[in-house]
Amino acid sequence: MTGYRYAYNALVYFGEDIAVSIDRVARYGYDAIEVVGEPTALDAARIKRLADDARIAVSSVCSIYTPERDLVHPDPAVRGEAIQYVKDVADFAATMGAPTIIVHPTACMKTQALAPAADERRWAVEGIREAGEYAAPLGVNLSLECWNRYETYFMNRLEQAASLWTETGLSNGGIQGDTFHMSLEEASIPEAFRRHGALLQHVHLADSNRAAPGAGHLDFVPIVQALVDVGYDGYLSFELLPASADPFEAMKAGGQEAFFDQYTEQAIRHMKDVESQIQKAA
Ligand code: LER
Ligand code: MN
């Protein structure tokens, strides 16, 4: 099976009205848009209307984990706020008909633990489980995404996400690989997908330099072949970001024109070519 459904993460369209972003993504033949997880700043009902009018879906919500949204913070009040944030994102996603919300237990760019590992593990399991149990009746799945070591110390590889997900006992969701992070953390991206494919809920695509596929040195043919072989039938969502340690700071600086039309077009074109290479070889 190929013929994947593609989404583009609006995170990099930083500051742009979502109507313009939806129009661009639809114009370049995408199936969906991934929306930034800011429920109080974005109008979910309006996004749903705009996506419906453009005949695309909302694939997923890219939650933003700040220090105030840290599920494993030693202060129980912060953990409570973080769990509430994930629940709010679940409501936000349900309104837009998005089946997946992205979860990571720590704040982004938190590179050191603030509490003993056993405590943080327990808090992560408890927080994800509580948010997942809230999301389930809404028809929303959680996707535990691994980030590289420069953005988190907590969960860098699919094997760690698989272990954490399994311990929650949840059935609405699974784990997530992002090929930019995986190119740093996994011994082999295709092998990691093959080993943990049964739990894959969502996939972020970016090349080795976090630009559009084809702009770096990753070979996406064996990566997509692995996803095909494990029967992954979720979205492939491009999360392309400027070259910066802190992805969010980079975007606030603006001036990243390539990430709008140029990369939006290049990303899907490159992956459709990868799919046709796989189909020819089959
Ligand atoms: C989020 O999907 C991600 O990959 C992290 O780098 C935070 O942006
Ligand atoms: Mn990602």
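**View 1. The largest pocket and the residues around its centre.** The largest pocket of the predicted model has a volume of about 470 Å³. Its lining is made up of 22 residues, and among these the closest to the centre of the pocket are Leu 11, Phe 14, Val 36, Glu 38 and Ile 64.

**View 2. Elements and residue classes in the pocket lining.** Two elements, α1 (18-27) and α9 (247-253), each give two or more residues to the lining of the largest pocket, and of the elements it is α9 that gives the most, with four residues. Sorted by class, the lining of this pocket holds 14 nonpolar residues, together with three polar and five charged ones.

**View 3. His 104 in its loop.** His 104 is placed in the loop that runs between β4 (100-103) and α4 (117-135). With a relative accessible area of 0%, His 104 counts as buried, because that value is under 20%. Beyond its neighbours within four places in sequence, the residues in contact with His 104 are Tyr 65, Leu 71, Glu 145, Trp 147, Thr 152, Phe 154 and Met 155.

**View 4. Polar atoms around the side chain of His 104.** A polar atom of the His 104 side chain lies 2.7 Å from the backbone oxygen of Glu 145, and the side chain of His 104 also makes a polar contact, at 3.2 Å, with the side chain of Thr 152.

Terms used: Residues numbered from 1 in each chain as written. Chains lettered and ligands numbered in written order. Predicted model: local features only at pLDDT ≥ 70, side-chain atom pairs only at ≥ 80, totals over all residues. Heavy atoms only, no water. 1 Å grid on protein atoms, 1.4 Å probe; cavity = no way out; pocket = protein on both sides within 12 Å on 5 of 7 lines; lining within 4 Å. Points joined across faces, edges and corners; volume = space filled by probe spheres on them. Nonpolar A, V, L, I, M, F, W, Y, C, P; charged D, E, K, R; others polar. Buried < 20%, exposed > 50% of the residue type's maximum accessible area, 1.4 Å probe, protein only. Polar contact = N/O pair within 3.5 Å; in protein donor to acceptor, adjacent residues only side chain to side chain. Contact = heavy atoms within 4.5 Å.
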